[in-house]
Amino acid sequence: MEKKPFVTKSQVEEIVKTYPTPFHLYDEKGIRENAKKVKEAFAWNLGFREYFAVKATPNPYILKILQEYDMGCDCSSYTELMLAKSCGFDGKHIMFSSNDTPAEEFAYADELGAIINLDDFTHIDFLEETIGHIPETISCRYNPGGVFELSNGIMDNPGDSKYGMTKDQLIEAFKILKDKGAKHFGVHAFLASNTVTNEYYPKLAGELFELIVELKEKTGCDIRFVNLSGGVGIPYTPDKEPNDIAVIGEGVHKKFDEILVPAGLGDVSIYTEMGRFMLGPYGCLVTKAIHEKHIYKEYIGVDACAANLMRPAIYGAYHHITVLGKENAPCDHVYDVTGSLCENCDKFAVDRKLPEIDMGDYLVIHDTGAHGFSMGYNYNGRLRSAELLLKEDGSVKMIRRAETPEDYFATFDCFDDIRITK
């Protein structure tokens, strides 16, 4: 598919009069249209709910947009729970899926009435000791082990993953939880990351549907929901076609009718926890070319760095780049596009064919709406950038200000003998 930015050069030139680069920019129109498509794709399931993975884009303005479509929050930490609560999400709209979980986080999740998703068999006793009871509604995370395959090959290796319980543990967990007072149950699994295929969710759903039929038979538990978690990805490279959520939804529907309905489980709700699919394509990092270097390779230095987007540095991940105003120019130059960190991996692109870049050109780094800003950090004392929302009417709203040196040094403010100034 052709990668086109959702913002134009003229729009960016207007934005930078108020908000200097670099900044993360989100497309409200795209976010809303995608949220509607997701709801429509699973409308056949009366209890369906998307619990947006807060870790992907932890911004209250984004969460409040999704809240308008009755979506919930998938949280994995104390602060993510705080964010969900502050945005007005009630307990039934918060899924707490955590691992190696501190006691205070289980306690806070219970205080909010969130649905707790247990990652390990030993967490049953730990949870009960922490909060003094077992919640009436509880979920458990499943790990089938081995490798997860689709028709196009091996997708991931659950057997090497730290998450979830074995089937035998899951069966025993349900029995114990039921004896301890749990009344309603859910099953959760995440078996592959960023799949760009319409097969993933239906295949996963089929395995989980067969599992809960077995769980129902062996434990007698009242299973209310199946959480397909995340894993539905986006095409970072322009040679791939995006997932079709309508086709995915229909594929899950088919498995539902084949497996659950005949087993008398036709009232089971389907939950999802998509972060990347919900937000990834609807965010970009806008940065400016500020230096060029000609040694053994050709380098373009920009005013963003891995502190703003670390996926290329730590994963070697591909993010498409558009040079605004030169969308139709020939890509007849080969560059490494770099940031300013004192690490050689601080590169947004390596040996990338791009149009000739002049100093002052604005570059759009695509698909940063999920796991972009949220993975930012302060190495080299670099500061995280602002987040902006391109609204449906074309106006721009700042939804997180850029960090300042005062923010960076704020954790020293409790010491009388330390004062850091210009």
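A: Two strands count as paired if DSSP finds at least two bridges between them. Keep in mind that this is a predicted model.

Q: OK. Which residue stands opposite phenylalanine 23 in E12?
A: Valine 286 stands opposite phenylalanine 23. Strand E12 covers residues 283-294, runs antiparallel to E1 and is joined to E1 by four bridges.

Q: And in what sense do E1 and E18 pair?
A: E1 and E18, residues 386-390, pair in the parallel sense, over five bridges. There, glutamate 387 of E18 is opposite histidine 24.

Q: Is E1 buried or exposed?
A: Five of the five residues of E1, residues 23-27, are buried, so the strand is largely enclosed by the rest of the structure. Buried here means under 20% relative accessible area.

Q: Which way do the E1 residues point?
A: Phe23, Leu25 and Asp27 point one way from E1, while His24 and Tyr26 point the other way. In a regular strand, side chains alternate between the two faces of the sheet.

Q: Switching to the whole chain: how many helices and strands?
A: The chain has 12 helices and 19 strands. Its radius of gyration is 23 Å, close to the 22 Å from the globule rule for 422 residues, so the chain is as compact as a globular protein of that length.

Q: How much of the chain counts as buried?
A: 51% of the 422 residues.

Q: Last one, charges: how far apart are the mean positions of the positive and negative ones?
A: They are 3 Å apart, for 45 positive and 66 negative charges.

Terms used
Residues are numbered from 1 along each chain as its sequence is written. This is a predicted model: local features need pLDDT of at least 70, side-chain atom pairs count only at pLDDT 80 or more; totals for chains, interfaces and linings use all residues. Side-chain values use heavy atoms; hydrogens and water are left out. Helices (H or I, at least four residues) and strands (E, at least two) are DSSP runs, numbered from the N terminus. The radius of gyration is taken over C-alpha atoms; the globule rule is 2.2 Å times the number of residues to the power 0.38. Buried means under 20% relative accessible area, exposed over 50%, partly exposed in between (1.4 Å probe, protein chains only). Lys and Arg count as positive and Asp and Glu as negative; His and the chain ends are not counted. The place of a charge is taken as NZ of Lys, CZ of Arg, CG of Asp or CD of Glu.
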